[in-house]
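Subject: Structure handover and findings

Dear colleague,

Please find below the structure that I am handing over to you. My notes on what was found in it follow.

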Amino acid sequence: MNTNTKNASRHFVSLSGRKIDLLDPKASDITIHDICVGMATTNRWAGQTPLDKEPISCATHSLYVLDYIAEHYPDSLQQFPNLALSALLHDAHKAYMGQQPAAFANALAHKTPVPDQIRNALKKAIFTSFDLIYPVPTYLQKVITEAENNITAIEIRDFNIPIAPSVEPKNYSIPKIGRMEAYDTFLDVMVHFLPVDYAAKKVACA
């Protein structure tokens with residue numbers, strides 16, 4: 001076995017064939033297709049959900065985060081045009097990193113800052129690719145965090161996740177959708193919120 005990792009590749013190869021340097025990702029390497037595929041096929045909770053229930057994907061989670069904002073902060077969506085896409089893409093780095101449990105990141109944080117560096121570098125590349133500001137402005141991040149906490153609380157309740165939610169879950173459930181539907185819906189919503197010319201360019205590059 002070759003244990004020499006000095007020259008080992010740190011490039012992630014996406015489905016579209018892009019080679020993404022995880023320590024130095026470029027906005028030009030990001031495509032709508034890769035994000036939608038990765039989000040639709042990556043399950044929440046590191047896959048630790050009941051076998052008798054359809055798992056919830058990161059794409060579905062993000063769509064319902066946006067739905068929460070549309071229901072509770074409609075004026076903010078009108079006032080801040082970038083809020084919708086910023087919310088939809090808040091977990092988009094997981095299209096490339098996968099869904100790692102918080103305990104995994106917390107454990108590594110005691111040893112190395114690299115996972116946080118990779119996450120932040122990917123998020124910056126993704127947001128830059130879609131002409132969004134990163135880090136997300138404080139007010140927008142506050143709205144997104146509230147929405148994510150509420151959707152996460154619903155997931156904890158509906159999937160019997162044995163942890164305490166940070167907020168009381170709302171009295172509705174998240175419909176479970178399959179991979180293709182999650183992909184198609186995520187793609188449609190992304191394109192809807194992108195400027196027409198920009199959306200056409202990004203889809204064409206996918």
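The side chain of K26 meets that of D24 in a salt bridge, at 2.5 Å from N to O. A salt bridge here is a side-chain nitrogen of Lys or Arg within 4 Å of a carboxyl oxygen of Asp or Glu. D24 is likewise partly exposed, at 39%.

Please note that this is a predicted model, in which local features need pLDDT of at least 70 and side-chain atom pairs count only at pLDDT 80 or more, while totals for chains, interfaces and linings use all residues. Residues are numbered from 1 along each chain as its sequence is written, and side-chain values use heavy atoms, with hydrogens and water left out.

Salt bridges

The structure holds seven salt bridges. In general, side chains of opposite charge can pair when their charged atoms come close. One of the bridges joins D21 and R10, with 2.8 Å from N to O. D21 lies in strand β2 (residues 19–21) and R10 in the segment before β1 (11–13), so the pair ties together parts that are 11 residues apart in sequence. Helices (H or I, at least four residues) and strands (E, at least two) are DSSP runs, numbered from the N terminus. D21 is buried, with a relative accessible area of 13%, whereas R10 is partly exposed, with 43%.

Another bridge links D91 to K94, the closest N and O atoms being 3.3 Å apart. Both D91 and K94 are buried. Through salt bridges that share partners, R44, D91, K94 and E155 are joined into one network.

Nonpolar core

The largest nonpolar core has 52 residues, and those with the most contacts inside it are I35, L89, I126, F130 and F186. Such a core is a set of buried Ala, Val, Leu, Ile, Met, Phe, Trp, Tyr and Cys residues joined through side-chain atoms within 4.5 Å. The elements that give two or more residues to this core are α1 (32–41), α2 (58–72), α4 (83–88), α5 (94–97), α7 (114–129), α8 (138–158) and α9 (179–193). The most comes from α2, with eight residues. Leaving aside residues up to four places away in sequence, L89 touches I35, I126, F127, F130, L132 and M190, where contact means heavy atoms within 4.5 Å.

Helix α2

How many of the 15 residues of α2 are buried? The count is 11, and the helix is thus described as mostly covered. Among them are C58, H61, L63, Y64, L66 and I69. The buried residues of α2 pack against α1, α3 (74–79), α4, α5, α8 and α9. At 1.5 Å a residue, the 15 residues should span 21 Å, and the end C-alpha atoms of α2 are 21 Å apart, which agrees. The expected span is 1.5 Å times one less than the number of residues in the helix.

Cysteines

A search of the whole structure finds zero disulfides, a disulfide being a pair of cysteine sulfur atoms within 2.5 Å. C36 is in no disulfide, and the nearest cysteine sulfur, that of C58, is 13 Å away. Seen from C58, the closest cysteine sulfur is that of C36, too far for a bond. C36 counts as buried, at 0% relative accessibility, and C58 is buried with a relative accessible area of 0%.

Yours sincerely

How values were computed. Buried < 20%, exposed > 50% of the residue type's maximum accessible area, 1.4 Å probe, protein only.
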